Amino acid sequence: MPYLDYVAGAPVDERVVEAMLPYFKHPGNPSSVHSKGFEARNAIEDARTKVASLINADSSEIVFTSGATESNNLAIIGYAMRNKNRGKHIVVSAIEHISIINAAKFLMKNGFEVDYAPVDGHGKVKLNELESIIRDDTILVSVQHANPEIGTIQNIEEIRDVVDCALHVDATASLGKIEVDVQKLGADLVTLSSNDIYGPRGVGALYIRKGVRVNPLILGGGQERGLRGGTESVAGIVGFGKAAEIAEKEWRDEAERLRVLRDRLAEGLLRIEDTFLNGHPEDRLPNNVSVRFSYIEGESILLSMDMEGIQASTGSACTSKTLQPSHVLMAIGLKHEEAHGSVVFSLGRWSSEEDVSYVLEKLPGIVERLRMMSPLYMK
Ligand code: PLP
């Protein structure tokens with residue numbers, strides 16, 4: 001049965017589980033000064049090297065966290081607090097993940113000014129407008145690498161050219177799907193998530209370029225170079241490392257395979273009358289198909305699909321509790337009713353041709369039945 005909600009949650013790769021297993025039972029605390037502690041420490045440092053290698057960084061530039069939300073908070077709040085003597089203005093794109101938007105709101109309540117960089121109808125940051133928003137006292141700009149909801153990939157290198165302060169890039173959705181090379185991106189801070197590359201949940205990392213200073217948010221015993229207190233989740237970090245090692249070897253072939261499935265799925269869905277693609281038609285993630293079906297609600301489509309064994313989502317799983325139309329879809333200029341009719345199909349490592357065929361067989365009927373019940377649909 002097609003699980004096409006990889007953006008919300010992905011299974012952990014069996015090879016990752018294998019690598020983690022010994023560390024669930026391992027007693028060593030990485031800070032302990034004895035052989036068991038050293039073993040745990042070595043396992044963490046080995047994982048750090050693997051994560052760093054995936055993004056072309058030095059291992060000393062990787063700080064492990066509990067996930068992308070914490071990494072985003074550490075990047076935005078930690079950087080702003082540490083560098084506030086240089087300015088109190090930050091800029092985030094209008095389609096950032098809610099963990100960045102809310103971190104920015106927190107800063108606003110604490111004496112900072114925040115501006116949102118607008119995006120065009122495909123979700124690309126408008127470079128001219130970004131340039132005009134940046135001020136002399138802007139200390140940080142945050143723009144995601146790719147959007148998980150509409151799939152649009154930003155040209156970070158072009159953005160880097162107009163940003164003359166620190167640049168944070170949330171690479172949660174892009175890691176393992178397209179190239180994430182921190183040297184090419186020119187980013188100072190990069191958010192990474194383990195589960196998005198088929199590692200365990202509850203682990204992430206923040207890349208902090210050498211020389212960039214950030215205040216810790218979690219105060220404790222000085223772990224992670226004093227940037228993240230608390231005894232490390234050794235098994236989780238080992239799993240993230242293994243997932244990164246696999247991703248480094250396999251992401252190119254995997255992306256190519258997914259791109260073919262994605263295009264077949266998108267073409268088939270767009271054959272349904274009054275159905276439109278969200279996001280950029282070309283510069284999009286190889287695993288993302290975001291479409292809107294006019295006249296019907298995304299939630300009813302999700303429930304109807306689920307009854308047929310198909311799982312997808314209406315947007316960011318993390319914000320779907322609010323019932324507000326997605327801020328991403330509003331930022332690209334959709335009307336409320338268009339935003340509400342949107343569904344994201346996200347493919348992953350175990351998606352197959354059969355999954356796509358099954359969705360394309362079921363969806364036209366589901367959409368037609370829901371439209372027949374919709375007061376908005378007059379034919
Ligand atoms: N950033 C992006 C782009 C995301 O899509 C998500 C979650 O989907 C996050 C950050 C937050 O990830 P987590 O909930 O794993 O902390």
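Predicted model: local features only at pLDDT ≥ 70, side-chain atom pairs only at ≥ 80, totals over all residues.

The residues of α9 that are buried are Gly298, Ile301, Leu302, Ser304 and Met305. Just after α9, the backbone at Gly309 takes a positive phi of about 85°.

Two of the covering elements, β9 and β10, belong to an open sheet of 3 strands, in which the order is β8-β9-β10 and the pairing is antiparallel. The edges of this sheet are formed by β8 (275-277) and β10, each of which pairs on one side only, and the twist from one strand to the next averages 30°. Between β9 and β10 the antiparallel pairing extends over 5 bridges, and Val291 has Val343 in β10 as its bridge partner. Helix α9 lies across β9 and β10, and runs at about 45° to β10.

From the sheet we turn to the helix pairs. Two packed helices are described by the angle between their axes and the distance between the axes. For α8 and α12, the packing angle is about 10° and the axes are 10 Å apart; the two helices are therefore roughly parallel to each other, since angles under 35 degrees count as such. On the α8 side the contact is made by Leu261, Arg264, Leu265, Gly268 and Leu269, and on the α12 side by Glu353, Val356, Ser357, Val359, Leu360 and Leu363. Sorted by class, the residues of this contact of α8 with α12 comprise 7 nonpolar, 2 polar and 2 charged.

Helix α8 (residues 234-270) also packs with helix α1 (residues 14-25), and here the axes come within 8 Å and cross at roughly 155°, which makes α1 roughly antiparallel to α8. The crossing of these two helices, α1 and α8, is right-handed. From α1, the residues that make the contact are Arg15, Val16, Ala19, Met20, Tyr23 and Phe24, while α8 contributes Val234, Ala235, Gly236, Val238, Gly239, Lys242, Ala243, Ile246 and Glu250. By class, the contact of α1 with α8 consists of 10 nonpolar, 2 polar and 3 charged residues.

Terms used: Residues numbered from 1 in each chain as written. Heavy atoms only, no water. Axes fitted to C-alpha atoms, helices over the stretch in contact; angles between N-to-C directions. Helix = DSSP H or I, 4+ residues; strand = E, 2+ residues; numbered from the N terminus. Parallel < 35°, antiparallel > 145°, perpendicular 65-115°, else oblique. Left-handed = near helix turned anticlockwise from the far one by under 90°. Contact = heavy atoms within 4.5 Å. Nonpolar A, V, L, I, M, F, W, Y, C, P; charged D, E, K, R; others polar. Buried < 20%, exposed > 50% of the residue type's maximum accessible area, 1.4 Å probe, protein only. Pairing = 2+ DSSP bridges.
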